[in-house]
Amino acid sequence: MAETVVHVLRHGEVHNPDGILYGRLPGFRLSELGVQMAKAAAQALADRTVVHVVASPLERAQQTAEPIAAQFGLSVGVDERLIESANWFEGKKVSPGDGSFRDPRNWWVLRDPVTPSWGEAYRVIAERMFAALHAARVAAEGREAVLVSHQLPIWTLRRHVERKRLWHDPRRRQCGLASLTSFHFDGAKIVGIGYSEPAAHLVSISPTARTAKGA
C-alpha cells in the first residue's frame, strides 16, 4: 500500500496592527507578507500528490489554503476541528513582559497551567485535531492531504502523537508561520513525522513573527 501523508500547515502572518491576541475573532486576515508565506508553502508542495485540502474556518487559515488548493485544482474544505483554541485572553493585549501575567486580576485565570485554566483543555484540542488528521488520511488514502490550522492546535497534536505531556513552554514550540508538520502513515499507523519551514526566508523579515498572537 502506498504511503499516505497528511501535511498540517500553520497559516501565514496576520495583519494585527493593534497587537491583540485575536484567537477565534473574525476579521483577522493575512498580511501582505502572510499572503507571500502561503504562496511559498504552496510552492513547496507543488510536486506532491495532494488530493485533499481542508482548513480551519478562520479567515487566515482559509486564505493560506487557497493557493495550495488552486494549484491542484481543488476546493478548500472546512473542518471546525482545526480551529484555533479558545482562550480567555482573546481580544486583549497580552505579550511577554507587558505585565499581564503579573497582574493579580489575572491570577485566577492563570491558576492551572496543566489543563490549562485560561482556555480550551489541551486534551480536547488533541482529540479534535487527531480526529481531523485521520479523517484527512482516509480522504487521501495512498496520496497526500493538507490541513491548515493554528500554532497551538498543531503543536498539541504533535505532542499527542509523540506521546508527550500536552502542557508545555510556548516558547519552545516548533511550529513557525507557514510551517509544515507532516504525518506519514502506513495504513492507519503513523510511522513518521516531518517538519519544514518553506517560508523561513519571509518569516525572517517579519517584524511580528516573534510576537504573533492568537496564531
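How many bridges pair β2 with strand β3 (residues 77-78), and in which sense do the two pair? They pair over two bridges, in the parallel sense. Strands count as paired if DSSP finds at least two bridges between them, and the elements themselves are DSSP runs numbered from the N terminus: helices are H or I with at least four residues, strands E with at least two.

Before we go on, a word on the source: this is a predicted model, in which local features need pLDDT of at least 70, side-chain atom pairs count only at pLDDT 80 or more, and totals for chains, interfaces and linings use all residues. Residues are numbered from 1 along each chain as its sequence is written, and side-chain values use heavy atoms, leaving out hydrogens and water.

On its other pairing, strand β2 (residues 50-55) runs parallel to strand β4 (residues 144-149), joined by five bridges. There, V50 stands opposite E144.

Next comes helix α4 (residues 151-161), where ten of the eleven residues are buried (under 20% relative accessible area; exposed is over 50%, partly exposed in between, with a 1.4 Å probe and protein chains only). W155 and L157 are among them.

Finally, here are two charges that sit over rings, meaning that NZ of Lys or CZ of Arg is within 6 Å of the ring centre and within 35 degrees of the ring normal.

| Charge | Ring | Distance from ring centre |
|---|---|---|
| R111 | W108 | 3.9 Å |
| R137 | F185 | 5.8 Å |
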